[in-house]
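This report describes a structural model in terms of its pockets, its core, its helices and its backbone. The sequence and structure are shown first.

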Amino acid sequence: MRKAAAHRAIAKKEGVNLTYLPFLIQAAARALREFPAMNALVAGESTVLKKDIHISVGVDTEKGLLVPVVRHADKKSLAELAKAVDDFGARGRTGKISPDELTGGTFTISNPGSKGNLFGTPIINQPQVGILRMGQIVKRAVVVDAGGEDAIVIRPMMYLCLAYDHRVIDGVAGNGFLYRVREILEAGDFS
């Protein structure tokens, strides 16, 4: 998450409080375009591939978890995603999220919230076929290639956990999607 952390630091200098969640939403939305089976719903005995990418995001409230939907997440900039997440959080705390905003999701992203933990196992938000859970970002010692030599450096790292409905998604597709999300995050091409 080094490039995302650098992007956040620049935003912070400009007075923008940017969490890691919008980065993950953007990466997942891009990967969903490449793995359309992950952007599907199970309807009885049928699988319905959804054209639009509407990502459900968990919001903690005094009355429990709400999961509002960021509609057309793949068409939003990082700033627009951050604004949507902040808006849901603020309105969730005041009980102003409408029932319509809680329906129509095609994929879910879960996060550890303010109390954080390294990883957890998410449960699919049916009828969706997939959910991606981010873990807390922590600094870790990792080995990198430094001009052909191994070097130990400190990097902000994050575990990701993907759960999916095996009636629709097999391990190859699930792993491919998760690997692609990782590639997008590590590339740091955020818009």
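## The second largest pocket

In this predicted model, 17 residues line the second largest pocket, and those lying nearest its centre are Met1, Met157, Met158, Arg182 and Glu186. Two or more lining residues come from each of α1, β9 (138-146), β10 (149-157) and α4. Helix α4 makes the largest contribution to this lining, with 6 residues.

The volume of the second largest pocket is about 490 Å³. Its lining comprises 10 nonpolar, 6 charged and 1 polar residues.

## The largest nonpolar core

The largest nonpolar core contains 43 residues, of which Ile25, Ile55, Phe107, Ile109, Phe177 and Leu185 touch the most other members. At least two core residues are supplied by each of the helices α1 (2-13), α2 (21-34), α3 (78-93) and α4 (171-187), and likewise by each of the strands β1 (40-43), β3 (55-57), β7 (107-110) and β8 (130-134). Helix α2 gives the most, with 9 residues. In soluble globular proteins, nonpolar side chains tend to be buried together.

Isoleucine 109 illustrates the contacts made by one of these residues. Beyond its neighbours up to four places away in sequence, isoleucine 109 touches Leu21, Leu24, Ile25, Ala28, Ile55, Ser56, Val57, Gly58 and Leu132.

## Valine 70 in strand β6

Valine 70 is found in strand β6. Its relative accessible area is 2%, so valine 70 is buried. When residues up to four places away in sequence are not counted, valine 70 touches Ile53, His54, Ile55, Val57, Lys76, Leu81, Ala84 and Phe88. Between the C-alpha atoms of valine 70 and isoleucine 25 there are 9.1 Å, with 45 residues separating the two in sequence.

## Helix α3

Helix α3 has 16 residues, which at 1.5 Å a residue should span 22 Å; the C-alpha atoms at its ends are 23 Å apart, in agreement with that expectation. The buried residues of α3 are Leu78, Leu81, Ala82, Ala84, Val85, Phe88, Gly89, Arg91 and Gly92. An α-helix has 3.6 residues a turn, so residues three or four places apart point the same way. The elements covering the buried residues of α3 include α1, α2, β4 (59-61) and β6.

Alanine 84 lies in this helix. Alanine 84 counts as buried because its relative accessibility is 17%, under the 20% limit. Its C-alpha atom is separated by 9.7 Å from that of alanine 73, which is 11 residues away along the chain.

Leaving aside neighbours within four places in sequence, arginine 2 is in contact with Arg155 and Pro156. Isoleucine 154 is 152 residues from arginine 2 in sequence, yet their C-alpha atoms are 9.5 Å apart in space.

Arginine 33 has its place in helix α2 and, at 43% relative accessibility, counts as partly exposed. The contacts of arginine 33, apart from neighbours within four places in sequence, are Lys51, Ile53 and Asp74. Arginine 33 and lysine 12 are 21 residues apart along the chain, and their C-alpha atoms are separated by 30 Å.

## Backbone geometry

Most residues other than glycine have a negative phi, and most peptide bonds are trans. Histidine 72, although not a glycine, has a positive phi of about 55 degrees. Histidine 72 lies in the loop between β6 (69-70) and α3, and its relative accessibility of 31% makes it partly exposed.

The peptide bond joining glutamine 126 and proline 127 is cis, with omega about 15 degrees.

How values were computed. Residues numbered from 1 in each chain as written. Predicted model: local features only at pLDDT ≥ 70, side-chain atom pairs only at ≥ 80, totals over all residues. Heavy atoms only, no water. Core = buried A, V, L, I, M, F, W, Y, C linked by side-chain atoms within 4.5 Å. Buried < 20%, exposed > 50% of the residue type's maximum accessible area, 1.4 Å probe, protein only. Helix = DSSP H or I, 4+ residues; strand = E, 2+ residues; numbered from the N terminus. Contact = heavy atoms within 4.5 Å. 1 Å grid on protein atoms, 1.4 Å probe; cavity = no way out; pocket = protein on both sides within 12 Å on 5 of 7 lines; lining within 4 Å. Points joined across faces, edges and corners; volume = space filled by probe spheres on them. Nonpolar A, V, L, I, M, F, W, Y, C, P; charged D, E, K, R; others polar. Expected span 1.5 Å × (residues − 1).
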